[in-house]
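Here are my notes for someone opening this structure for the first time. Have a look at the picture, then read the points in order.

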Amino acid sequence: MAEGLKWFQCPVCKESIHWKVPTDELKNVKRFPAPVVIRHKDHYLVCYLDSHHQLADTEVAISFIEGESKE
Ligand SMILES: [Zn+2]
């Protein structure tokens, strides 16, 4: 398995998800666990990575609505 590649079972559809840890982006993260949103088919998963880039927690977001902030 390639460096930085992780997998876990999707809590929604039970399929295996292989994904690449965004190592470069995580270098700029100051606080852990850091949330990473993964789109899988029609649902979204929020994975929390700790400072060792290990999966700390997973949340399911069946729908994902982008909010708009106003000044
Ligand atoms: Zn899925």
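1. Is Leu49 buried or exposed, and why? Leu49 is buried, because 20 other C-beta atoms lie within 10 Å. For the wording: a residue is buried if 20 or more other C-beta atoms lie within 10 Å of its own, exposed if 12 or fewer, and partly exposed in between, with C-beta atoms placed from the backbone.

2. Before going on, two caveats. This is a predicted model, so local features need pLDDT of at least 70 and side-chain atom pairs count only at pLDDT 80 or more, while totals for chains, interfaces and linings use all residues. Residues are numbered from 1 along each chain as its sequence is written.

3. Now the overall layout. The protein has 1 helix and 5 strands, and from the N terminus on its elements run β-β-α-β-β-β. Helices (H or I, at least four residues) and strands (E, at least two) are DSSP runs, numbered from the N terminus. The C-alpha trace spans about 40 × 30 × 15 Å along its principal axes. Of the 71 residues, 4% count as buried.

4. Back to Leu49, which is found in strand β4, residues 43-49. Leaving aside neighbours within four places in sequence, Leu49 is in contact with Val21, Leu26, Pro33, Ala34, Val36, Gln54, Leu55 and Ala56. Contact here means that the two C-beta atoms, placed from the backbone, lie within 7 Å. Cys13 is another matter: its C-alpha atom is separated from that of Leu49 by 21 Å, and the two residues are 36 apart along the chain. Across the protein, 21% of the contacts between residues at least 6 apart in sequence join residues at least 24 apart.

5. Strand β4 belongs to an open sheet of 3 strands, ordered β3-β4-β5 with antiparallel pairing. The edges are β3 (34-40) and β5 (55-61), each pairing on one side only. Neighbouring strands of this sheet are turned by 25° against each other on average, direction ignored. Two strands pair if DSSP finds at least two bridges between them; axes are lines fitted to C-alpha atoms, for helices over the stretch in contact, and angles run from 0 to 180 degrees between N-to-C directions.

6. Take the β3 side of the sheet next. β3 and β4 run antiparallel and are joined by 7 bridges; in one of these, Val37 has Val46 of β4 as its partner. The two strands form a hairpin with 2 residues between them, and Lys41 in the turn has a positive phi of about 55°.

7. On the β5 side, β4 and β5 pair in the antiparallel sense over 6 bridges. Val46 turns up again here, with Glu59 of β5 as its bridge partner. Further along, Cys47 is bridged to Thr58 and Tyr48 to Asp57. This hairpin has 5 residues between its strands, and His53 in the turn has a positive phi of about 65°.

8. Finally, the other pair of strands. How many residues of strand β1 are buried? Of its 5 residues (5-9), the number is 0, so β1 lies largely in the open. β1 runs antiparallel to β2 (residues 16-20), with 5 bridges joining them, and Gln9 has Ser16 as its bridge partner in β2. The hairpin of β1 and β2 has 6 residues between the strands, with Lys14 in the turn at a positive phi of about 65°.
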